[in-house]
Amino acid sequence: MMQWETVIGLEVHVQLATQSKIFSGASTAFGAEPNTQACAVDLGMPGVLPVLNENAVAMAVKFGLAVDAEIPETSLFERKNYFYPDLPKGYQTSQMAQPIVGPGQVEITLDDGSTRSVRIHHAHLEEDAGKSLHEDYHGMTGIDLNRAGTPLLEIVSEPDMRSAKEAVAYIKALHAIVTYLGISDGNMAEGSMRCDVNVSVRPKGQAAFGTRAEIKNVNSFRFVEKAIAFEVERQIELIDDGGQVVQETRLFDPERDETRGMRTKEEANDYRYFPCPDLLPVMLDGAYVDHQRALMPELPSEKRHRFENQLGLSAYDAGVLASSRAMAEYFEAVKDVCGDAKQAANWVQGELSANLNRENLEIDDSPVTAGQLGGLIQRVMDDTISGKAAKQVFQALWDGEADSADAIIEARGLKQVTDTGAIEGMIDQVIADSPVQVAQYREADEAKRGKMIGYFVGQVMKASRGTANPQQVNSLLKQKLDQA
Amino acid sequence: MHDKTLTELAASLEAGEFSSRELCQAALQRIEQLDGGLNSFITVTAEQALANADAADQARKAGHAGPLAGLPLALKDIFCTQGVRTSCGSKMLDSFVAPYDATVVEKLGHAGAVNLGKTNMDEFAMGSSNENSFYGPVKNPWDVSAVPGGSSGGSAAAVAAGLVPAALGTDTGGSIRQPAAFCGITGLKPTYGRVSRYGMVAYASSLDQGGPMARTAADCALLLETIAGHDVRDSTSVARVVPDYSAELDTSLAGLKIGLPKEYFGDGLDPEVETAVRDAIKVYESLGAKVCEVSLPHTHLAIPAYYVIAPAEASSNLSRYDGVRFGHRCEDPTDLEDLYKRTRAEGFGEEVKRRILIGTHTLSEGFFDAYYLKAQQVRRLIRQDFLDAFDDVDVLMGPTAPTPAFDLGAQKDPVSMYLQDIYTIAVNLAGIPGISVPVGFAGNRPVGLQVLAPHFAEAQLLGVAHQFQQATDWHLKRPAFGKEMA
């Protein structure tokens, strides 16, 4: 049996979170009525001219710095010429020969916590096209140009990934970077991140790449995984059956989990790229780049290393908590309130994540704030409540019963009793009420006593309505029972 | 009234000799009675013009008249005018009503100028005779059997015939200067980036520049100081202070160093044109200027380089005319491809199609390096020629065009038509400013002197032209056409 190796390269289009379009002042907000957010420039009216949005440049530069890329002093916009109804000018303004971000690299984390590096070939700025709407117009096509001119950063990787899992880890890493930087909302459902996946296979050990297929517009982590899995299998089967993979563009059908070849025109498109004469070359000096660098927040990989090395979290915990900016910020806020990183990590990844998952909420939508959770953990750490009571308090916070853990502890009388006198009183009562059990206990040997003491602990806890400190109860009981 | 310059008319309005309404009404009447014989206007906006004239009269009464308040003008139909058809001389845009004003239109409006209408032009500014217009050719008021030049032929003819005292044109390869020369008026192509291109329908974006066409250099100065300046909507417009051109007109010519490019006086130059130009240069010498010969060694490469770069940009700029959003759309398209093909086959004229094909070819894979990149290299050499020449001289002078206006229909071969622009086209490739000044006649047809200066030296250019017009009266000559009308 031949051993195959999969080779994957990705082109990820990230919609940048600018207020206005890349070359016009029209809004980029999602979901508006068709053609209400397209101005004369977006419509490609005669005589209009593009003006580059400086924020889009700043965002691209920040991305470049985040992936350790070279930021060339000069980059250039070019025109990619082709006719399509949702492309108003008959060309897309993009970058080709001189992109704004040069070669770089992204660290990806696999499920087992191991990391590796994927090289970025380059990233370039371009404008999005509009949308063709085929559904509602019988036999006709509607054109919505709201999206036309929305800034995109196209991030092109080297063919460095060897499995669907690596590809997904790569996209997740990009997602984390762009959302950390605040340069994109990363909303894949609304098309803020769209992937073209290049897949090929080759016999293991062969240096030359196989012929690749490009799968267009794969728009979720899950679809990326499925599309690659299907495509790899298809290509291997094809070759095993004596066929050949042809270089083509394919579409992923999420309903059937398969890729299909797109009908291709006989002649290949010649885009006739040439420098856009309406836009000046983008000149970025070192001072500008340094300024953008100074404005950047801590990045996911930096956070992960800090969580692991400074806060003493496990590699796994650090990786999970740093995977999204929202999660990391929540965790750090909890930690700052309670003062204990490990406890904070346990609660965020345990109780909180379980509840969020169950109700399908994002961490930003958590009904329990980081301050509330931190306050709760504090009460566990200072022995005000037991771990068991803490879960009750968490649930009550989740349900919105009160504003703080303290208020719930107070209202429900969950404060642990640590007063030795009070506990001793309860113990004495339980011993007096259970003569048979006490006799049995005292007759038993040390090994059996260990099990039998549970009965008395339970009774005392019951008597205290769960507020007695179990460890304290245990040791006092042992003293008293062993005395006789 | 129609023989006066802008500057004179401004003084008359200020003195209350007549109102802007009276002035504009008279001009509109002249257009109505005479333009049938010229075809210089595509659209006349009489009603709007009179309303604007009234507004200017009131502003003047109220004491806040702008620098051009109440002065009638015309705009080449390449400038977008809100609510008014902007056809660019093409069937493709015959139905296109612009939803916005070009920056220069806005600026003229703020200054109080009254636009009387949109002038005829070669389709999408592609041509040197104004014969490539969907609206028919324009005739030269000096001789109606002659062309007015192009592509701003309508603007030139309208000014020459006294229909308007001034007009705006655009110049991509000579389209202001050559028609100015053919029609005996003064026309200035500013430095690339001096005047905003926003709202000017693009032909070749790296070469297009709007500018004034008028009777005198002084009038051009008045208009240029209004329309020039940086525009945030045009990234290629330059952020540089706009000088007070009118105030700098009277700079003495003593010691001015004039270079005569030997390549501009070679084969193909009409002897009568040469004589008129050489006589003008003698006038300059008499005014204290020093004249020497210079060389622009890459001149012969200008036309080939231009006819690679301009069509390349045009092929992309004109892709938006696809029948989808505005302009002409073919009847009952069977599918998308049919929509594109028939819309464009029907909407564009011959010359426009020719240039789209040339440009598409030169940008295509396998040809790009040999044509487009090579042409860009040539462009740099041509620019360097001028920069080198300006190390030694202040301005360059020569004929604007190799011949006077030719007969309508005389130039049948596209290449011989392209050769009309042999002295003007390099100027666009280099981005420097140039002006054409009337300096005499070849037979009954005017001859233009072209004066060139370094980047952003419009003040000097206008001063040099103005000093000539102070010493001579060629710019005061009027054609017989329309003379009978007061």
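In what sense do β5(B) and β6(B) pair, and over how many bridges? They pair in the antiparallel sense, over 2 bridges. (Strands here are DSSP runs of E with at least two residues, helices are runs of H or I with at least four, and both are numbered from the N terminus; two strands pair if DSSP finds at least two bridges between them.) One of the bridges puts Gly187(B) together with Met213(B) in β6(B).

β6(B) also pairs with β4(B), antiparallel again, over 6 bridges. There, Leu168(B) has Pro212(B) as its bridge partner. A residue counts as buried if 20 or more other C-beta atoms lie within 10 Å of its own, exposed if 12 or fewer do, and partly exposed in between, with C-beta atoms placed from the backbone.

**What kind of model this is**

This is a predicted model, where local features need pLDDT of at least 70 and side-chain atom pairs count only at pLDDT 80 or more, while totals for chains, interfaces and linings use all residues. Residues are numbered from 1 along each chain as its sequence is written, and chains are lettered from A and ligands numbered from 1 in the order in which they are written.

Chain B averages a pLDDT (the predictor's confidence in each residue, from 0 to 100) of 97, and 100% of its residues score at least 70. The model scores ipTM 0.95 and pTM 0.89.

**The annotated site**

An unreviewed UniProt entry marks Lys76(B), Ser151(B) and Ser175(B) as "active site"; such annotations may be inferred rather than shown by experiment, and positions are given in the numbering used here, with feature names shortened. These residues are spread over 100 residues of sequence, yet they cluster in space, with a largest C-alpha distance of 10.9 Å.

Lys76(B) sits in strand β2 (residues 72-76) and is buried, because 30 other C-beta atoms lie within 10 Å. Leaving aside neighbours within four places in sequence, its contacts (C-beta atoms, placed from the backbone, within 7 Å) include Ser152(B), Leu168(B) and Gly169(B). Ser175(B) lies in the loop between β4 (166-171) and α6 (177-183) of chain B. It is buried too, with 37 other C-beta atoms within 10 Å. Among the residues it touches, not counting those up to four places away, are Ser151(B), Ser152(B) and Gly169(B).

**A loop residue: Thr191(B)**

Now for the loop between β5 (186-189) and β6 (209-214) of chain B, where you'll find Thr191(B). Thr191(B) is buried, with 24 other C-beta atoms within 10 Å. Beyond residues up to four places away, it touches several others, including Gly431(B), Pro433(B) and His455(B).

**Helix α1 of chain B**

Helix α1 (residues 6-15) has Leu6(B), Leu9(B), Ala10(B) and Leu13(B) as its buried residues. Seen down the helix axis, they fall within an arc of 105 degrees (taken from the directions from the axis to the C-beta atoms), so they line one face. Here's the background: an α-helix has 3.6 residues a turn, so residues three or four places apart point the same way.

The face turned away from that buried side carries the exposed Ala11(B) and Ala15(B). Covering the buried residues are, among others, α2 (20-34), β4 and β6 of chain B. Just after α1(B), Gly16(B) takes a positive phi of about 75 degrees.

Note on methods: Contact = placed C-beta atoms within 7 Å.
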